[in-house]
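Please open the structure in the viewer and keep the selection tool at hand.

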Amino acid sequence: MQAMMEKRAIELLENGTVNRVLGWSAGEFPYDMTPAVFESVEELQNNFVYNDFCGANLSKYLIKESRKEGKILVFLKPCDTYSFNQLIAEHRVIRENVYVIGIECFGKVDVEKLKAMGLSGITGIIAKNGIYTVETIYGNKEVKMADAMAERCLSCKSKKHVVYDELIGEDGEVVDDCNRFDMVEKLEAMTPDERFAFWRGELSRCIRCNACRNVCPACTCEHCVFDNPNSGIAQKAAVNSFEENMFHIIRAFHVAGRCTDCGECSRVCPQNIPLHLLNRKFIKDMNEFYGEYQAGEDPNAKPPLGTFRTGDREA
Amino acid sequence: MKKLTNLNAFFAAIAAKQALYLPVDNSVGKAEYKKWQDGTVYSSALNTARSAKDFFFPQTENLMEFKMEGKKIDVIDTREECEDFVIFGVRACDAASFDILDRVYLVDPVDSYYKNRREHGTVVTLACNRPAETCFCGAFGIDAGNPLGDVTAWKVEDGYVLRANTEKGEALLACVADLLTDTDDAAVKKEQEKLRAIMAKLPLANLTTDGVGEGLTKELFDRPEWAALSESCIGCGTCTFVCPTCQCYDIRDFDTGHGIQRFRCWDSCMYSDFTKMAHGNPRVSQLERFRQRFMHKLVYFPDNNDGIFGCVGCGRCLASCPISMNIVKVMKTLAKGGNQ
């Protein structure tokens with residue numbers, strides 16, 4: 001995959017279709033790739049990497065990148081294309097300044113899962129036939145790819161690219177039985193007290209680093225209300241911890257109807273808070289109240305919370 | 001040196017006299033400091049997700065309160081003498097971070113909130129025996145096999161070996177004397193030998209501070225590499241908040257409806273309103289904010305503190321950055337293209 005992507009990126013850079021490439025650059029370890037913009041063939045040849053650890057959704061970078069001179073090539077996984085489409089719908093990304101290559105995705109790996117298996121001192125990870133050989137300074141271990149897959153990929157909602165200029169690999173289908181609402185249903189089945197205790201427990205670990213907000217492709221306000229001292233609710237960490245919890249709830253409300261369920265919030269949380277469950281609850285409710293809707297699927301669709309129909313339920 | 005075979009009895013004996021905190025696995029399998037009580041299971045994790053700085057420099061704390069009644073305002077001093085407590089299992093990196101924080105908070109003007117906790121806390125460190133690929137304390141001259149603190153502990157084949165380093169440490173060991181026997185340093189030396197062999201194999205074993213350090217502001221400030229390094233930074237505060245040495249805070253007022261709680265909370269140089277003043281923000285781009293964080297740790301702090309770096313190589317930021325950019329990548333990049 002990496003070789004095909006690199007080859008195509010070089011071609012498009014050389015023939016002038018694009019002047020920059022947004023991808024991933026190599027890290028210190030086999031799993032810590034950093035999103036990067038490549039401006040030359042040489043840079044691509046030296047540093048471009050793509051593997052199962054390239055989980056980051058690159059769509060949000062395009063808000064800034066599509067406003068620079070020239071056209072930028074971006075590699076998007078199926079789930080990333082929903083975010084990209086949503087950003088187009090919200091006029092946040094300038095479509096004509098982006099060349100999208102959709103890349104086939106078999107799921108991404110969460111290195112934390114490998115570490116949770118007791119693997120430490122990781123020096124190499126070799127993938128072959130669905131098995132990773134994880135090389136560490138304490139010895140090697142074989143791990144099934146499925147056992148290391150990121151949580152969000154275990155309930156992947158779509159293998160289909162909803163927008164692209166060209167594809168590398170095959171396009172897939174929307175996954176109807178992805179079971180992504182299973183945990184939401186479990187939470188719904190709880191008593192209000194149990195549910196309150198669940199969320200207070202999870203959110204008690206929050207360190208207010210804002211990684212969830214800053215990585216979120218739906219959080220694109222130029223000046224977030226939580227950063228605005230004149231809003232009266234700007235906080236880095238409030239004295240009252242319930243106030244602090246409200247940050248996540250307010251944020252979930254704000255992205256409701258626009259969240260594509262890309263899962264970046266939970267991926268980046270340094271405290272492993274399952275933030276995506278808040279968003280999924282809203283998605284599930286909207287599906288039930290206003291009919292099935294997937295944000296980002298169609299940039300011209302009318303969003304349920306941005307549309308009024310006389311038959312809408314009142315509460 | 002003293003030998004301890006019954007760790008749980010040691011915990012119980014300490015906890016009977018003062019609060020004892022130690023790393024415990026939480027519901028998501030990460031270690032965090034929790035208060036010991038009977039039945040608490042000591043985590044086998046290399047380190048806690050959050051650093052041990054929380055004990056002395058908590059994420060938020062009330063500095064004072066104002067109560068309003070009509071036109072009368074009462075100013076209430078919220079400071080109370082802190083109770084004695086013990087932290088067990090602090091690694092060499094975090095123990096070294098306390099010295100860095102001391103250089104900020106215990107110099108004139110002394111931070112009385114910090115000093116209060118520092119004076120009442122006894123730190124028991126634990127030597128590492130299974131470092132991770134993200135570890136690089138050695139680059140800053142820290143010995144993971146000989147951590148500091150009031151008491152140093154080593155896990156050896158048949159128990160633990162303890163060494164008191166300070167008066168506070170002596171006092172702690174004296175109150176559990178019946179659980180300890182005298183021993184020599186043979187078992188400790190054996191463990192240190194094993195650790196040294198492991199440390200040499202770590203991927204960051206050869207990381208050095210070449211190219212960074214005191215006196216290099218002019219050479220490093222305008223280096224063109226900052227642009228590419230900071231390019232994908234999303235401007236969150238993860239690195240600063242998991243960092244054991246990040247020490248910046250903000251002071252804000254919380255309106256309770258009938259008064260004000262003036263609190264301070266950790267701040268992050270990655271945030272857009274960091275050090276915002278009447279005229280605005282001195283660092284308007286993410287490049288400038290990003291550069292500030294690393295220049296502070298690798299140049300400005302050493303400049304003002306006898307060459308001591310503001311990083312202890314704990315590796316938390318390497319493991320938690322959403323886009324996997326970190327101080328190691330910065331150090332290596334700056335070292336590579338020197339003298340430009």
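Helices (H or I, at least four residues) and strands (E, at least two) are DSSP runs, numbered from the N terminus. Axes are lines fitted to C-alpha atoms, for helices over the stretch in contact, and angles run from 0 to 180 degrees between N-to-C directions. This is a predicted model: local features need pLDDT of at least 70, side-chain atom pairs count only at pLDDT 80 or more, and totals for chains, interfaces and linings use all residues. Residues are numbered from 1 along each chain as its sequence is written, and chains are lettered from A and ligands numbered from 1 in the order in which they are written.

Select residues 241-255 and 276-290 of chain A, which are helices α11 and α13; their axes come within 9 Å and cross at roughly 40°. Next, display A:His248, A:Ala252 and A:Val255 of α11(A) with A:Leu278, A:Asn279 and A:Phe282 of α13(A), which form the contact (C-beta atoms, placed from the backbone, within 7 Å).

Move to the open sheet of chain A, whose three antiparallel strands are ordered β5-β6-β7 (strands pair if DSSP finds at least two bridges between them). β5 (122-128) and β7 (139-144) of chain A are at the edges with a single partner strand each, so one side of each has no neighbour in the sheet. Select β6 (residues 131-136) of chain A: six bridges join it to β5(A), and A:Glu135 is the bridge partner of A:Gly124.

Finally, select the contact between the chains, with 41 residues from chain B and 33 residues from chain A. On the side of chain B, β12(B) gives the most, with four residues.

Definitions and conventions: Two residues are in contact if their C-beta atoms, placed from the backbone, lie within 7 Å.
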